[in-house]
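Welcome! Here is a friendly briefing on a structure that may be new to you. Take a look at it first, and then we can walk through it topic by topic.

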Amino acid sequence: MGYTIPGWLIELNVELIPHVGTASFRLGMPFGQAMTEAPAWGRVDHAPAGGRPPGKWVVLNEPYDFEFVLLFESERHEELTGIEVWRFRKESADIRFLLDGVDVFRTPSEDLVQLLESRGHEVVESDYGFDEVPALGLRFANNSSFEYPTDDEGDPLYYDYVLLSDPKQA
C-alpha cells in the first residue's frame, strides 16, 4: 500500500495475478481472513444483509479512489471466489494495477487486447460485452458511469473493471 507523507501519496503498484488474486486477497481465501485483510486496503463500504456469505463486499480505498469487490458466491460460501477491481476515479491517482508489468487501467483497451493476444492468450468478447481471457480467469470491461478518458469517437479509452477468478475454484 502507499504511504502518506504530509499531503503526498507515494506511488502504489498492485499486481493482478491470474488464478491467484491481487493485493493481499487470494482466491479461495476464507471469509474471515479476507475481512481481516480488508481494512489495510480501505473501508468495507457495502456488505450484504446479515454480514455473512454468500454475497459481495465492497472495499473502498479513499486515498486512491478505487474499489475491490470481494465475491463469495460459490457453493463453498465461506471462500473468496472472485475479486473485482474497479479503476480509480481520478486520473491523477498515483496507482498502477499491473498484469505482467502492464498497467491495465492506463493501457488503451485495444492495445491491451493486442498485447495479451501477442503473448498467446485468447481474448474473446462475451455476450454481455466483456472481454474475457478464459485461460487466465480474467474479465475486462468498460461499463461504469464515471467520466473517464475517451477516444475521438467518445468511446472509453481504457478498461475500468477487471475480474479475477479461477474456474477451478468455482
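R106 is partly exposed, because its relative accessible area is 28%; buried means under 20% relative accessible area, exposed over 50%, and partly exposed in between, with a 1.4 Å probe and protein chains only. This is a predicted model, in which local features need pLDDT of at least 70, side-chain atom pairs count only at pLDDT 80 or more, and totals for chains, interfaces and linings use all residues. Residues are numbered from 1 along each chain as its sequence is written, and side-chain values use heavy atoms, with hydrogens and water left out.

**Salt bridges**

- Side chains of opposite charge can pair when their charged atoms come close.
- Here a salt bridge is a side-chain nitrogen of Lys or Arg within 4 Å of a carboxyl oxygen of Asp or Glu, and the count by this rule is nine salt bridges.
- R106 has such a bridge with D103, with 3.4 Å between the closest N and O atoms.
- D103 is buried, at a relative accessible area of 9%.
- R43, D45 and E62 belong to one network, joined by salt bridges that share partners.
- R52 and E78 form a salt bridge too, at 2.7 Å from N to O.
- R52 sits in the loop between β6 (43-46) and β7, and E78 in the loop between β8 and β9 (82-86), so this pair ties together parts that are 26 residues apart in sequence. Helices (H or I, at least four residues) and strands (E, at least two) are DSSP runs, numbered from the N terminus.
- Both partners are partly exposed: R52 has a relative accessible area of 45%, and E78 has 36%.
- Another salt bridge joins R119 and D100, whose closest N and O atoms are 4.0 Å apart.
- R119 belongs to the loop between α2 (109-118) and β12 (124-125), and D100 to the loop between β10 (95-99) and β11 (102-103), so the pair ties together parts 19 residues apart in sequence.
- R119 is partly exposed at 40% relative accessibility, whereas D100 is exposed at 58%.

**Aromatic rings**

- A pair of aromatic rings is described by the distance of the centres and the angle of the planes.
- Rings of Phe, Tyr and Trp (its six-membered ring) pair if their centres lie within 6.5 Å; planes under 30 degrees apart count as stacked, over 60 as edge-to-face and the rest as tilted.
- By this rule there are 13 aromatic pairs.
- W57 and F72 make an edge-to-face pair, because their ring centres are 5.5 Å apart and their planes stand at 90°.
- This pair links distant parts of the chain, with W57 in strand β7 (residues 55-61) and F72 in strand β8 (residues 66-72), 15 residues apart.
- W57 is buried at 3% relative accessible area, and F72 is buried at 0%.
- One aromatic cluster is made up of F25, W41, F66, F68, F88, F97 and F105.
- R139 lies over the face of F130, 4.8 Å from the ring centre; a charge sits over a ring if NZ of Lys or CZ of Arg is within 6 Å of the ring centre and within 35 degrees of the ring normal.

**The sheet**

- Strands of a sheet pair through backbone hydrogen bonds, either parallel or antiparallel.
- Two strands pair if DSSP finds at least two bridges between them.
- An open sheet of eight strands runs in the order β6-β7-β8-β9-β15-β14-β13-β12, with antiparallel pairing.
- β6 and β12 are the edge strands, each pairing on one side only.
- β7 and β8 run antiparallel and are joined by seven bridges.
- N61 stands opposite F66 in β8.
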